[in-house]
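The following note sets out several points on the structure shown below.

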Amino acid sequence: MQEVFNADEAGFCQFKRNSALVLNADFRPLSYYPLSLWNWQDAIRASISNRVNIIAEYDEVVRSPSVEIKIPSVVVLKQYIRPTSASAFTRFNLFLRDEFKCQYCGSKGDMTFDHIVPRSKGGRTTWENVVASCQKCNLRKGSKSIKNAGLSLRQKPIKPDPEYLRNQGRKFPPNYLHDSWLDYLYWDAELEA
Ligand SMILES: [Zn+2]
């Protein structure tokens with residue numbers, strides 16, 4: 001038997017459980033991290049207004065007095081959204097480039113940023129001069145050069161293009177993945193398991 005609930009009754013718990021994976025017109029997720037998801041209300045709205053095709057559904061339906069609609073679990077945009085050509089230089093994107101790991105010691109957690117060439121020595125705040133760092137390495141480095149602080153970089157910091165960041169995002173799958181999404185997601189973490 002199908003599980004049925006009214007749109008009005010569906011609270012936050014339903015929202016999470018019945019999210020729709022949103023794919024671009026090329027059938028790739030709009031984003032991996034965070035994973036592009038819409039709540040079911042938005043997914044149904046987009047379908048009714050003809051902006052998406054539904055390609056997979058949940059068993060659950062929503063009912064109005066006149067219609068009954070299966071809740072979409074995967075939708076694909078009809079119009080392709082071109083990715084931006086440059087990655088925004090943000091805290092999040094910088095951490096994502098560095099996989100949320102200290103670029104000196106590789107540890108995770110307690111993260112901050114470090115200027116490779118310190119600001120006091122004219123170092124700029126750019127993709128090439130800022131890396132994710134743990135507090136400990138950040139303190140140890142202070143205003144010294146990498147060499148003088150006895151540290152080394154795990155990789156050369158680059159300015160990532162959006163495709164690179166997108167692939168980095170694939171390394172961080174969310175805890176919950178609905179079965180119907182898996183055909184459209186390629187998780188590195190899963191392949192390594
Ligand atoms: Zn560190």
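1. The largest nonpolar core of this predicted model has 18 residues, of which Ala20, Leu21, Val22, Ala43, Val74 and Val75 touch the most other members. At least two residues of this core come from each of β2, α2, β4 and β5. Another core lies apart from it; this one has eight residues, including Leu94, Tyr104, Val131 and Cys137.

2. Valine 75 may be taken as an example from the largest core. Its neighbours within four places in sequence aside, valine 75 is in contact with Ala20, Val22, Leu23, Ala43, Ala46, Ser47, Val52, Asn53, Ile54 and Ile55.

3. Helix α2 spans residues 40-48, and its buried residues are Trp40, Ala43, Ile44 and Ala46. These lie on the same side of α2, because the arc they cover around the axis is only 160°. The buried residues of α2 pack against β2, β3, β4 (52-63) and β5 (68-77). After α2 comes asparagine 50, which has a positive phi, near 70°.

4. Tyrosine 33 is located in the loop between β2 (20-23) and β3 (37-38).

5. Beyond its neighbours within four places in sequence, tyrosine 33 is in contact with Leu96, Gly169 and Phe172.

How values were computed: Residues are numbered from 1 along each chain as its sequence is written. This is a predicted model: local features need pLDDT of at least 70, side-chain atom pairs count only at pLDDT 80 or more; totals for chains, interfaces and linings use all residues. Helices (H or I, at least four residues) and strands (E, at least two) are DSSP runs, numbered from the N terminus. Two residues are in contact if their C-beta atoms, placed from the backbone, lie within 7 Å. A residue is buried if 20 or more other C-beta atoms lie within 10 Å of its own, exposed if 12 or fewer, and partly exposed in between; C-beta atoms are placed from the backbone. The arc is that of the directions from the helix axis to the C-beta atoms. A nonpolar core is a set of buried Ala, Val, Leu, Ile, Met, Phe, Trp, Tyr and Cys residues joined through C-beta atoms within 7 Å.
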